[in-house]
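Please consult the sequence and coordinates alongside the text.

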Amino acid sequence: MPVQRLNHAVLYVRDVSRSVAFYQEALGFRVVQAFPGAAFLQAEGSSNDHDLGLFQIGAQAGPSSAGRATVGLYHLAWEVDTLAELHRIATRLTEMNALVGASDHSTTKALYAKDPDGLEFEVSWLVPADLLTDEILDGRAQIKPLDLAKELERYGAQTRGGVGVSV
């Protein structure tokens with residue numbers, strides 16, 4: 001059988017408690033299991049056992065040089081169901097000084113943020129398959145700044161996404 005989806009990600013962090021608090025506050029994750037130096041979190045709407053594992057390596061850990069000096073993971077991406085939720089998260093990440101970018105990939109509307117250790121992640125909404133047009137599909141050739149207000153007006157705050165080009 002082919003791979004179906006990403007089940008979870010695991011990150012090495014300096015301080016598990018700090019990272020848990022960040023992901024709870026920023027994305028609404030909840031702790032499903034924890035022990036000294038580790039925690040496993042689940043997204044609110046997830047059916048996975050856990051979506052994010054965190055392992056503490058200590059305050060002495062240097063910053064990740066992935067993408068600058070070494071190979072490594074660039075970012076993780078979590079999907080939301082509606083543009084209203086994407087807007088809510090954008091507001092929250094801005095309040096936390098964690099939002100570092102927002103891009104319109106035509107079929108995907110994406111926020112980019114960094115956690116307390118500087119590890120980047122994405123939160124995105126996908127245009128539903130029944131709304132895709134040739135123009136939208138062709139638009140994937142370039143990345144534009146995200147105008148979330150314009151996208152809310154275009155698609156509506158409660159339009160369910162998450163199918164997009166994955167079907």
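In this predicted model, the C-alpha centres of domain 1 and domain 2 are separated by 21 Å. Domain 1 spans residues 1-58 and domain 2 spans residues 74-166, the bounds coming from an automatic or database domain assignment. To the contact between them, domain 1 contributes 14 residues and domain 2 contributes 14 residues, where contact means heavy atoms within 4.5 Å.

The size of an interface is often given as the accessible area lost when the parts come together. Here domain 1 and domain 2 bury about 1300 Å² between them, and 67% of that area is on carbon and sulfur atoms; buried area is the accessible area (1.4 Å probe) that two parts lose on being put together, summed over both. Of the area that domain 1 buries against domain 2, 41% is supplied by Phe 22, Glu 25 and Leu 27, more than by any other three residues.

The model is predicted, so local features need pLDDT of at least 70 and side-chain atom pairs count only at pLDDT 80 or more, whereas totals for chains, interfaces and linings use all residues. Residues are numbered from 1 along each chain as its sequence is written, and side-chain values use heavy atoms, with hydrogens and water left out.

Three salt bridges are counted between domain 1 and domain 2, a salt bridge being a side-chain nitrogen of Lys or Arg within 4 Å of a carboxyl oxygen of Asp or Glu. The two domains also share four residue pairs in polar contact, both residues being at pLDDT 80 or more. A polar contact is a pair of N or O atoms within 3.5 Å; within protein, one must be able to donate a hydrogen and the other to accept it, and residues adjacent in sequence count only if both atoms are side-chain atoms. On the side of domain 1 that touches domain 2, strand E1 (9-13) and helix H1 (16-27) each supply at least two residues. The largest share of that side, seven residues, comes from H1. Helices (H or I, at least four residues) and strands (E, at least two) are DSSP runs, numbered from the N terminus.

The whole structure holds eight salt bridges. Asp 117 lies in the loop between strand E7 (108-114) and strand E8 (120-126), and Arg 14 in the loop between E1 and H1, so this pair ties together parts that are 103 residues apart in sequence.

| Salt bridge | Closest N and O atoms |
|---|---|
| Asp 117 and Arg 14 | 2.7 Å |
| Glu 95 and Arg 92 | 2.4 Å |
| Asp 104 and Lys 109 | 2.8 Å |

Asp 117 and Arg 14 are both buried, and so are Asp 104 and Lys 109. Salt bridges with shared partners join Arg 14, Arg 18 and Asp 117 into one network. Glu 95, by contrast, is exposed, its relative accessible area being 52%. Buried means under 20% relative accessible area, exposed over 50%, and partly exposed in between (1.4 Å probe, protein chains only). Glu 95 and Arg 92 both belong to helix H2 (residues 83-95), where they are three residues apart, about one turn of the helix.

His 50 occupies the loop between strand E3 (38-42) and strand E4 (52-56). With a relative accessible area of 11%, His 50 is buried. Its side chain makes a polar contact of 3.0 Å with the side chain of Asp 49. Not counting residues up to four places away in sequence, His 50 touches Asn 7, His 8, Val 32, Phe 40, Leu 41 and Gln 42.

Val 100 is part of strand E6 (residues 99-104). Beyond its neighbours within four places in sequence, Val 100 is in contact with Tyr 112, Ala 113 and Lys 114. Val 100 and Ser 64 lie 36 residues apart in sequence and 17 Å apart in space, C-alpha to C-alpha.

Asp 130 is located in the loop between E8 and helix H3 (134-138), and at 68% relative accessibility it counts as exposed. Asp 130 is 76 residues from Leu 54 in sequence, and their C-alpha atoms are 37 Å apart in space.
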